[in-house]
Amino acid sequence: MNKERIPRWVFVWILLAQAFLLFPHLLRTPQLILPVALFCSVWRLMIFNGRWAHPSSLVKTLLVVASFTVIAFIERRLFSIEAMVLLLIVAFMLKLLELRDKRDLLVSVYLAYFVIATDLLFNQSIISAFYLLTSLWLVTSCLVAAYCGQQRIAFMYPAKVAAKMLLASVPLMLAIFLVFPRLDPLWT
C-alpha cells in the first residue's frame, strides 16, 4: 500500500497549530502538558532533521502507559471530565511522534478539533471564543497545507484558503445556532 508522505514544510504548520491550541489547557494543567509537549516537539524536530527515528511500538506503549499513570495520579478521579480531557490532550501530543503519512495527519487534525472543543467545557468567554476561532483557523490551515501536495506555494497560502473556508461556513453556523434548540450538557 503506497502511503502519501507529508511534505516537510507542513510540519511547521503542525507545530504552530499544536502549540497555539494547547496554550489554554497549559494554563489549567501545566505540570503534565508542558513536559509532554516539549518532549514530543523535540523528538519530532529530531525526526524532522533525520537525527532520531520514529519511536518503536514498545516505546509508544511505554509512553501511553506512563501518560495514563501520571494522569491517574494527577487527577485522582480517573473518569472525570478533567481526566478524560487531559487524556485526549496527551494522546494528541503523542500522535505528533508517529506522523508519517497523510492518514496520520488526518487523525491528528481530528484530535485537534476535539481538543479545541474541549476548551469550551472549561471556558465560554468571548475572548476564549476568538482564541478558539483562531485555533480552528490554524488547524484548518494545517490540513489545507497537507493537501496542497509537494508543489511549492507561498507559506501563507494555506492560511488564506482556510480563512475563506471558515468565512464561507459562518452563515451555516449562524443558522444552526439560531434554529436548533438549546440542550442541556450531557454531563449534568
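Trainee: How are H4 and H5 oriented to each other, roughly parallel or roughly antiparallel?
Mentor: Bear in mind that this is a predicted model. H4 and H5 pack at an angle of about 150°, with their axes 9 Å apart. Angles over 145 degrees count as roughly antiparallel, and therefore the orientation of H4 and H5 to each other is roughly antiparallel.

Trainee: What is the handedness of the crossing of H4 and H5, and which residues of H4 meet H5 there?
Mentor: The crossing of H4 and H5 is left-handed.

Trainee: Is Ser-108 buried or exposed, and which residues is it in contact with beyond its neighbours within four places in sequence?
Mentor: Ser-108 is found in helix H5, which covers residues 102-118. Its relative accessibility is 6%, and because buried means under 20%, Ser-108 counts as buried. Leaving aside the neighbours within four places in sequence, the residues in contact with Ser-108 are Phe-92, Lys-95 and Leu-99.

Trainee: How are H3 and H4 oriented, and in which hand does H3 pass H4?
Mentor: The axes of H3 and H4 come within 10 Å and cross at roughly 155°, and therefore H3 and H4 are roughly antiparallel to each other. Among the residues that meet are Leu-63, Val-64 and Phe-68 in H3, with Leu-86, Leu-87 and Val-90 among those in H4. The crossing in which H3 passes H4 is right-handed.

Trainee: What is the phi of Arg-76, and is this residue buried or exposed?
Mentor: Arg-76 has its place in the loop between H3 and H4. Most residues other than glycine have a negative phi, whereas Arg-76, although not a glycine, has a positive phi of about 65°. With a relative accessibility of 62%, and because exposed means over 50%, Arg-76 counts as exposed.

Trainee: How many residues does helix H2 have, and what distance does it reach from its first C-alpha to its last?
Mentor: Helix H2 runs over residues 30-48, which makes 19 residues. At 1.5 Å a residue a reach of 27 Å is expected. The distance in the model is close to that, at 26 Å.

Trainee: Where do the buried residues of H2 lie around its axis, and which helices do they pack against?
Mentor: The buried residues in H2 are Leu-32, Ile-33, Val-36, Ala-37, Cys-40, Trp-43, Arg-44 and Ile-47. They cover an arc of only 145° around the axis, which puts them on the same side of H2. In an α-helix there are 3.6 residues a turn, so residues three or four places apart point the same way. The helices against which the buried residues of H2 pack are H1 (10-28), H3 (57-75) and H4 (81-95).

Trainee: At what angle do the axes of H1 and H2 cross?
Mentor: The axes of H1 and H2 come within 9 Å and cross at roughly 170°. The contact is made by residues including Phe-11, Leu-15 and Leu-22 of H1 and Ile-33, Leu-34 and Leu-45 of H2. H1 and H2 are therefore roughly antiparallel to each other, with a crossing angle of roughly 170°.

Trainee: Which residues is Trp-52 in contact with, apart from its neighbours within four places in sequence?
Mentor: Trp-52 is found in the loop between H2 and H3, and with a relative accessible area of 42% it is partly exposed. Once the neighbours within four places in sequence are left aside, the contacts of Trp-52 are Trp-43, Met-46 and Ile-47.

Trainee: Which elements do the buried residues of H6 pack against?
Mentor: Helix H6, made of residues 126-146, has 21 residues and reaches 30 Å from its first C-alpha to its last, close to the 30 Å expected. Its buried residues include Leu-132, Leu-138, Val-139 and Cys-142. The elements against which the buried residues of H6 pack are H1, H5 and helix H7 (157-179).

Definitions and conventions. Residues numbered from 1 in each chain as written. Predicted model: local features only at pLDDT ≥ 70, side-chain atom pairs only at ≥ 80, totals over all residues. Heavy atoms only, no water. Helix = DSSP H or I, 4+ residues; strand = E, 2+ residues; numbered from the N terminus. Expected span 1.5 Å × (residues − 1). Buried < 20%, exposed > 50% of the residue type's maximum accessible area, 1.4 Å probe, protein only. Arc of directions from axis to C-beta. Contact = heavy atoms within 4.5 Å. Axes fitted to C-alpha atoms, helices over the stretch in contact; angles between N-to-C directions. Parallel < 35°, antiparallel > 145°, perpendicular 65-115°, else oblique. Left-handed = near helix turned anticlockwise from the far one by under 90°.
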